Amino acid sequence: MTASLRTTALLLACMTLSACTTTAVGPSGEQARLLSLADDINQRGDHATAAAMYERAAELTPEDPRLHVRLGNARLAAGNAEAAKASFRTALRLDIENAEALLGLGTAQLQLGEAESAVRNLSKAAPEIDTPVAWSRLGAAHALVGQGESATHAFSRAAALRPHDPDALTNLALAYSLAGESAEAVELMHQVSDSPLAEARHFRNLVLVLVLARETELARSIAIPEMPANERQSLIEQAARIGEIADPASRARAMGLAMTR
C-alpha cells in the first residue's frame, strides 16, 4: 500500500470512528439535558410536565430500567396511577429485581384499589428498601385487606425508622386501633399530640382514636388548639360512624389508612 493510500485509509477510519462517537454522544447529551430539566420541573411540583420529559428521555434509552422508574414516580405524583403502573412493569421486565420499581408498582396498585396485589409486591419491596415510606405503604396495603396484625408490624417498622415523626406514629396508632389494641393507640396519640410537630390532622386523628377506644367524653374535653366546638363535634360523630363499621378493610378505608405517606 502506498503512503497516499495508507493516509486515505487512516482518514476514512478516523471519519468512521468520529461518526460513531457523534451518534453515541448525541442522544446521551440530549437525554442529560432532558433529565436535568425534568428533575428541576418535578421538584417545582409540575409532575405532569416532568413525566412527559422523562418519557422522552426513556425513549432515547429504552433499555434503562432506572429511567422507567423515574417516569413511573413522576406519573404517580401527577395522579396517573394506571400509567405509572405500566412504567414500573416496564422497568421490572428489564430488571426483575429492581426494588424501586417493585415499590412503585405496589404503590400504584394501592392507589388503584388493587390491595391484594399491592401486598404481594410491597411485601418484597419494603424489606429491600427499608424506608419509612416503603413500610407505611405496606402497612396501608395490609390494612386494606383486613390484615391488622401485619399492618401493625409494618407501621411499627416505619415508626422505628422515624421515631419522632408524628405521621409515622399516627399511622401506627391507627393500625393499633384497627387491630383492637385501643390502649396502645391512645397512648401513641397522646405522644403525638404532645409533640411540637403536631398539626391539625394529628389532633383530628386523636379524636378518632379516642372515640374508637370508647373515650368519647375525653374526646369532647381534651385540649385541642384552634379547633372550634362544632368541628370537634363533627369529628366525634364521624368517628362514631367509623366505629360501627364491622369489616376491617372498610374501616381502614374510612380511617384514611389508604392515604398514608
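I looked at α6 and found that the helix bends by about 35° at leucine 122. The bend at a residue is the angle between axes fitted to the seven residues ending there and the seven starting there. I took helices as DSSP runs (H or I, at least four residues; strands are E, at least two), numbered from the N terminus.

Before going on, I noted that this is a predicted model, where local features need pLDDT of at least 70, side-chain atom pairs count only at pLDDT 80 or more, and totals for chains, interfaces and linings use all residues. Residues are numbered from 1 along each chain as its sequence is written, and side-chain values use heavy atoms, with hydrogens and water left out.

**Entry: α6, continued**

I checked the span of α6. The expected span of a helix is 1.5 Å times one less than its number of residues. The 15 residues of α6 should therefore span 21 Å, and the end C-alpha atoms are 20 Å apart, which agrees.

Which residues of α6 are buried? I found Ala115, Ala118, Val119, Asn121, Leu122, Ala125, Ala126 and Ile129. Buried means under 20% relative accessible area, exposed over 50%, and partly exposed in between (1.4 Å probe, protein chains only). An α-helix has 3.6 residues a turn, so residues three or four places apart point the same way. I then looked for what covers the buried residues of α6, and the cover includes α5 and α7. I counted a contact as heavy atoms within 4.5 Å.

**Entry: two positive phi angles**

Just after α6, I came to aspartate 130, which has a positive phi of about 55° although it is not a glycine. Aspartate 130 sits in the loop between α6 (115–129) and α7 (132–144). The relative accessible area of aspartate 130 is 28%, so the residue is partly exposed.

I noted glutamate 226 as well, with a positive phi of about 50°, and it is not a glycine either. Glutamate 226 belongs to the loop between α12 (216–221) and α13 (229–243). Is glutamate 226 buried or exposed? Glutamate 226 counts as exposed because its relative accessibility is 77%.

**Entry: threonine 107 in α5**

I went back to α5, where threonine 107 lies. Threonine 107 counts as buried, at 5% relative accessibility. Leaving out residues up to four places away in sequence, I found threonine 107 touching Leu76, Leu122 and Arg137. Leu122 is where α6 bends. Threonine 107 and alanine 118 are eleven residues apart in sequence, and their C-alpha atoms are 6.7 Å apart in space. The side chain of threonine 107 also reaches the backbone oxygen of leucine 103 at 2.8 Å. That is a polar contact, meaning a pair of N or O atoms within 3.5 Å; within protein, one must be able to donate a hydrogen and the other to accept it, and residues adjacent in sequence count only if both atoms are side-chain atoms.

**Entry: arginine 75 and its partners**

I looked up serine 87 in helix α4. Serine 87 is buried, with a relative accessible area of 3%. Beyond neighbours within four places in sequence, serine 87 is in contact with His68, Leu71, Gly72 and Arg75. With arginine 75, the side chains make a polar contact at 2.6 Å.

Arginine 75 is itself buried, at 17% relative accessible area. I also found arginine 75 in a salt bridge with glutamate 55 (3.6 Å, N to O). The pair links distant parts of the chain, 20 residues apart: glutamate 55 is in helix α2 (residues 47–60) and arginine 75 in helix α3 (residues 65–77). Glutamate 55 is partly exposed, at 34% relative accessibility.

**Entry: other salt bridges**

A salt bridge is a side-chain nitrogen of Lys or Arg within 4 Å of a carboxyl oxygen of Asp or Glu. By this rule I get 13 salt bridges.

One of them joins lysine 85 and glutamate 114, with the closest N and O atoms 3.1 Å apart. Lysine 85 lies in helix α4 (residues 81–94) and glutamate 114 in the loop between α5 (99–111) and α6, so the pair ties together parts that are 29 residues apart in sequence. Lysine 85 is buried, with a relative accessible area of 11%, whereas glutamate 114 is partly exposed, at 27%. I also noted a network of salt bridges linking Glu30, Arg56 and Glu59.
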